[in-house]
Amino acid sequence: LIPAKETLKNTLDQYQRLAKGNIKVYWLDPQKDESLKQEANSLGIAPMQFSVVKQDQFEMVQSYFGMVVSYAGEDEVIPALQEINNLEYNLSSKLQKIQKDQLPTIGIYQTNPTEKPVSLLQRLLTDSYQVTSITLDEDGQTSINFDSLIVIAPNSPATDQQVEFINQAIADQKGVLILIDKLTVNEAMQGQLVDTNLEDLIANYDIKINPQLIADPSSSFVTFRTNLGNFMMPYPLWLKTLPENANPNSPITASLESVVFPWVANLELSGNAESLWQSSKES
């Protein structure tokens, strides 16, 4: 816990120094003050269990390791600082959220609403955005106002009406993220081509999706189960990006060492299209 506490202290000291008086940091210990303990509980900050060694014996102790960002009568809570390596992002997200009267709205649109829900994605986004599901009426329109759109395509073709809706969002200069698979792999490890009917739309913006899976020596390890037991091996179809192949000018990739892409299709870029990551030269 001591290294995590030092990281927290150093990070908050930097925020306080750079804010030039606009951020004040207080260190409080609810264990020593009953009123603070009640306040922590009301904010959803509960004591965590830690193991300590005393006289060569393990003991379990309870202590608090949470944070509250307060501004203008509003509170944003990080109840347990478990992801200390992601502290700067989490803290900046809370500071941004608490200062805005209205958060930007992200619409999540599934071209096939019977697909699995995306609750994890929605939960991760709600720290910084309002998140809503998009539905279209008979005319292919929606009454929901959104700033950006996430399109989750199924393993079946989108209708022409759906394609036009997505294309109009791009024309209206909305941020649009399209998540599609050109190939899927089933439990028997068999590949199958997918027609989403979005390929031509994407090609209009200088991105061609080729029906080929990338294999790369820079890959993740995968565990395979057989009748003789489990074994682990590098799996070239689970591409692992290298830091030197990330786009150095993008804030999305600037702080990421690598990302694993399972069964990823080959993209052919032209014109103004830019990549965030590339496979290695040996792929």
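**Exercise 1.** In which helix is the place of Thr7, and which residues does Thr7 touch, not counting residues up to four places away in sequence?

*Solution.* The structure is a predicted model, in which local features need pLDDT of at least 70 and side-chain atom pairs count only at pLDDT 80 or more, whereas totals for chains, interfaces and linings use all residues. Residues are numbered from 1 along each chain as its sequence is written, and side-chain values use heavy atoms, without hydrogens and water.

Step 1. Thr7 belongs to helix α1; helices (H or I, at least four residues) and strands (E, at least two) are DSSP runs numbered from the N terminus.

Step 2. With 33% relative accessibility, Thr7 counts as partly exposed. Buried denotes under 20% relative accessible area, exposed over 50%, and partly exposed in between (1.4 Å probe, protein chains only).

Step 3. Leaving out residues up to four places away in sequence, Thr7 touches Ile84 and Leu87, where contact means heavy atoms within 4.5 Å. Thr7 and Leu87 are 80 residues apart in sequence, and their C-alpha atoms are 8.9 Å apart in space.

**Exercise 2.** Determine which residues of α3 are buried and what covers them.

*Solution.* Step 1. The 13 residues of α3 should span 18 Å at 1.5 Å a residue, and the end C-alpha atoms are 18 Å apart, which agrees. The expected span is 1.5 Å times one less than the number of residues.

Step 2. Leu87, Leu91, Ser93, Lys94 and Ile98 are the buried residues of α3. Seen down the axis of α3, these residues fall within an arc of 155°, so they line one face of the helix. The arc is that of the directions from the helix axis to the C-beta atoms.

Step 3. The cover over the buried residues of α3 includes α1, β3 and β4 (74-78). The face turned away from the buried side carries the exposed residues Glu88, Tyr89 and Gln99.

Step 4. Ser93 of α3 has a relative accessible area of 6%. Asp127 and Ser128 are touched by Ser93, not counting residues up to four places away in sequence.

**Exercise 3.** Identify the elements against which the buried residues of α5 pack.

*Solution.* Step 1. The buried residues of α5 are Gln162, Val163, Phe165, Ile166 and Ala169. They cover an arc of only 160° around the axis, which puts them on the same side of α5.

Step 2. These buried residues pack against β5 (105-110), β7 (148-152), β8 (175-179) and α6 (199-203).

Step 3. Exposed residues Asp160 and Ala171 sit on the face of α5 turned away from its buried side. Just after α5, Gln173 takes a positive phi of about 65°.

**Exercise 4.** Is Ser220 buried or exposed, and which residues are in contact with Ser220, leaving aside its neighbours within four places in sequence?

*Solution.* Step 1. Ser220 is placed in strand β12 (residues 219-226).

Step 2. A relative accessible area of 16% makes Ser220 buried.

Step 3. Apart from neighbours within four places in sequence, Ser220 is in contact with Met233, Pro234, Tyr235, Trp238, Lys240 and Val260.

**Exercise 5.** Locate Gly229 and state the separation of its C-alpha atom from that of Ser258.

*Solution.* Step 1. Strand β13 (residues 229-240) contains Gly229, which counts as partly exposed at 26% relative accessibility.

Step 2. Gly229 and Ser258 are 29 residues apart along the chain, and their C-alpha atoms are separated by 30 Å.
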